[in-house]
Amino acid sequence: MSQMPQQNKKMVIKLVAIVVAMFGFGFALVPLYDVFCDLTGLNGKTSNTAAVYESIEIDESRLITVSFITRTNTGMAWQFAAETQVVKVHPGQMSQINFTAVNPTNRMIVGQAVPSVSPGPAALYLNKTECFCFEQQILQAGEHVTMPMRFYVDPQLPKDITYFTVQYTLYDVTSAEQQVALNRG
Amino acid sequence: MLSKFGLVLAGLVASPVFAESSAKASQYQLNMTKGVTDISADVYDLHMLMFKICVAIAVVVFGVMFWAMWFHRKSKGAKPAHFHESVKVEIAWTVIPFIILIFMAIPAAKTLIAMEDASEPDLTIIVTGSQWKWHYKYMDDGVEYYSKMATQQDEIHGKLEKGENYLLEVDRPLVIPINKKVRFLITSDDVIHAWWVPDFAVKQDANPGFINDAWANAKEPGIYRGQCAELCGKDHGFMPIVVIAKEQADYDKWITEQKDILAKAKEEEQRLLAMNMTMDEAMATGEKVYLANCAACHMPNGQGLPGVFPALKGSQIATKDQPKHIDVLLNGVAGTAMQAYAKQLSMTDIAAVVTYERNAWGNNTGDLVQAKDINSAINGK
Amino acid sequence: MTTTTSEHQHDDHSHDDGHHEHHIPKGIKRWLYTTNHKDIGTLYLWFAFIMFLIGGAMAMVIRAELFQPGLQIVDPNFFNQMTTVHGLIMVFGAVMPAFTGLANWLVPMMIGAPDMALPRMNNWSFWILPFAFLILLSSLFMEGGGPAFGWTFYAPLSTTYSNDTTALFVFSVHIMGASSIMGAINVIVTIFNMRAPGMTWMKMPLFVWTWLITAFLLIAVMPVLAGAVTMVLTDKFFGTSFFDAAGGGDPVMFQHIFWFFGHPEVYIMILPAFGIISQIVPTFSRKPLFGYASMVYATTSIALLSFIVWAHHMFTTGMPVAAEMFFMLATMLISVPTGVKVFNWVATMWRGSISYEVPMLFALAFIVLFTIGGLSGLMLAIVPVDFQYHDTYFVVAHFHYVLVTGAIFSIMAAVYYWLPKWTGKMFDITLAKWHFWCSLVSVNVLFFPMHFVGLAGMPRRIPDYALQFADFNKWISLGGFAFGLSQLIFLALLIKACRKKGEPVSAQVWEGAEGLEWEIPSPAPYHTFETPPVVK
């Protein structure tokens, strides 16, 4: 009986360590999830860093239909559109699509575009060498801007994918705190 | 109420088949719909197969159990046996269920793969959920509109008799052609919704910021009803979906009409831009627009729901900051149920409702807002 | 199976009792300061029962509103608060504390230990629980109301779009989690370190085994839940964007994290039930449990598999086909060990000498109704059909069959089984039989038609419904009210039992009962096994 508390204490320490580790694991799921998305194209997330275009062979035998949807989230006053809504491209071929944004208000607004691809697995094969979605965009009152997006489709794209859609949703990220204050008001 | 229930009870007792004792037999749908697409028929067959396998398993297991319960009763003088393990039996009832599972998994996998068909669609429609309505946009034709529940509040609150399609009717249904692969790109403006049409066996979550896709190829013309299937806040139960499937020719006619209507509405809007409303006109139109679009949250008396939806009566925005007031109506407020009305209402209606909100319930600012003010807020000066 | 050499303890017990009870404070202080596993077990069980009645009252509000189409009693916002808090209370306030209470009472008695290993932590883990639920319930009366986003609190409905009382929700879930974790640590340490000599692993009663595995599940996943609510809190109040697409987050990730906790949580609520049924069925069949070892292995494999099936709650979120296929197959696989358990119970009854005392009635109802819930679960695992079942009343029917006629029936069976041991008196058998039969009939009127309305297309969590669902909903509501009223019989019976009314019972109580707890006198003395028994 006498060494029992000692033994209990050891065991409690081990179990508490498991608890702490699992709490950490909950948070580790966040980056793990991103890795998982990158691997599987889950949720149609695209890479948020620029790809480097290496001279790769253009697959002339296939023509992929890529369409673009532009949306503004609730609270975002900009007018946002793609100049070309549908393009047909060969895998490996470089293309450019121009997007326009107008800030019709009388105040400066910071925007962040968030891409999503459907069907999701296609996201793995969409390589963007230049995109306005990589960083925040700032538009002064009344300002217009044309934003280029350059991309190519990886020739590794599975044969059964013949079309995909890229959606950009623009969010107003001017000031998170200011937003919260307004919501409460 | 009670007497009506008494009748139902009497009906149940009187007739062994509950369903057929009623005048409205269709009210007693017991099973999943077969639907009107190849996929929905496959899903139905799969469902029935699974159901039958489960019933068979249950009959065998419960059969043995009830047998033991009846024949191995102590009160019948049963003496307990002493066996308590048998490796053979245990291997058998691990392996046999496993084999049954394989037989279940094969057809399931087939249907699942059929659902993921990646061939190019004939028509793509963007479906956007928001609290608490759906927005449809035909990608190729540019036709777009909101679809809201058409059931009246008085029906819900028992002041009017409930109609046949109570809670399953909308002001502007989605229209699609039959025998065409229609692809739905589903997303959301605010919280997660789910777009569900049982007859197509399509249920897909609408995630804010992301698009999901689903497709259907309806074989028969008809009206197909569904509902939002993911808890999305207060009026989750009140955002139905209605899809009308038409023959191609009828569909073409309809889409041309819609383009026409859209073009006319634009012209009308331009015409109205040049016109000014009087205060009385603006207040009358504004009240109508308010009751139809705003009163559900901000309440007809403008007092909102404390802690959930802000009051407009006496609020800073509705009495002082007019540009902000217009901005909130046009673009909504991120992170709240306040959505963007720029595309849902005409400029005249927005002008009227802003005027109404700035002058009703003692918000007597005297401000009169015109359509052209709204135009300049949307398109810049 | 086990015999003990604890006779001497029996002889000494009057002396022992006198010695110890001298230090027991009377009245409220006894309960506030108690470190006795039996007292704490009683506290847990009463707390769980009160929570069951409160959560049940909320279910009555829900069923009253759904009695007929239209909005009659509550507004949709309050309705959502009711469904949310009903779920939270039943999961964290009723089922889990009831199992913890049973573990407190029974685990030391079953393994021949004098008390739980960490008695002071035991007191602490119970007494923080009432505060957690006071906080949660008080939020219902605050401006804007309590949580209204479902017990699964999916982001962004629970973050950006919720009201400020979400902070209280998060705080109370943290406390519940801390309580469960402490309880689980206590169970594990007790079972590892305090078994009587000779109580080897494979001699432990199945209730102890299932609780040990449950406790490991608890310490593995409750911290993940704590992480999830913490992220909700920081997203809502501190500007992080774990679940907000605008800041690079993803609302679907919330569901992955939540269900990584949520699916093992489901087994946390059913594994101890398996243990209880495995104690009761052999007793009243007068035959040893069939396949003891395979029961242990089945429980372990269910627990392990529970970590790789979470995404079957999320088939409609837009997962890649390969992932859907994987989660479908993994989920189907769980039905194999679960089936083994059911087959083992039936085989235990086979050629037994079965009698139908009240605990056995509940256990038999459990086996049949839990199997029904299990089979509908198997149907739900099939991805293509799940697209039709998902978020409908079919799912509501499924999880109420496994949780009400599963977990809760097993708790009732356990209470009837061990109550005479706790009080030393036989409970009122007539009332108990009324309670059983009323509950059995009403619970099926309540939940069975939900399968039909679900298949016919009624979504869950709606305060009002289309007319074609009206007739079944009326039946469901009537069944609900009847089930609610039936629990008042249980309340009356328990009050009577606690006032020590009834026939005195022997130490063994039930002919055919085996195990250490049946070898100590009834009522169980305040201190038991202070000298460990020797298990042969």
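**Close-ups of the interfaces made by chain C**

**View 1. Where chain B meets chain C.** In this predicted model, 102 residues of chain B are in contact with 97 residues of chain C, contact being heavy atoms within 4.5 Å. Together the two chains bury about 8,600 Å², and carbon and sulfur atoms give 71% of that. On the chain B side, Phe83(B), Trp93(B) and Leu231(B) lose the most area to chain C, together 8% of what that side buries. Buried area here is the accessible area (1.4 Å probe) that two parts lose on being put together, summed over both.

**View 2. The salt bridge between chains B and C.** Zoom in on Lys74(B) and Glu511(C): they form a salt bridge, with the closest N and O atoms 3.0 Å apart.

**View 3. Polar contacts and what chain B brings along.** Between chain B and chain C there are 24 residue pairs in polar contact, both partners at pLDDT 80 or more. A polar contact is a pair of N or O atoms within 3.5 Å; within protein, one must be able to donate a hydrogen and the other to accept it, and residues adjacent in sequence count only if both atoms are side-chain atoms. Helix 1 (2-14), helix 2 (38-71), helix 3 (87-115), strand 7 (202-206) and strand 9 (222-228) of chain B each supply at least two residues to the side touching chain C. Helix 2 of chain B gives the largest share, 17 residues. Helices (H or I, at least four residues) and strands (E, at least two) are DSSP runs, numbered from the N terminus.

**View 4. Where chain A meets chain C.** Here 27 residues of chain A are in contact with 34 residues of chain C. The buried area is about 2,700 Å², with 76% from carbon and sulfur atoms. Salt bridges between chain A and chain C number zero, and two residue pairs are in polar contact, both at pLDDT 80 or more. Helix 1 (4-40) and strand 5 (109-118) of chain A each put at least two residues on the side touching chain C; helix 1 of chain A gives the most, 18 residues.

**Notes for all views.** Residues are numbered from 1 along each chain as its sequence is written, and chains are lettered from A in the order in which they are written. Local features need pLDDT of at least 70, side-chain atom pairs count only at pLDDT 80 or more, totals for chains, interfaces and linings use all residues, and side-chain values use heavy atoms, with hydrogens and water left out.

Methods. A salt bridge is a side-chain nitrogen of Lys or Arg within 4 Å of a carboxyl oxygen of Asp or Glu.
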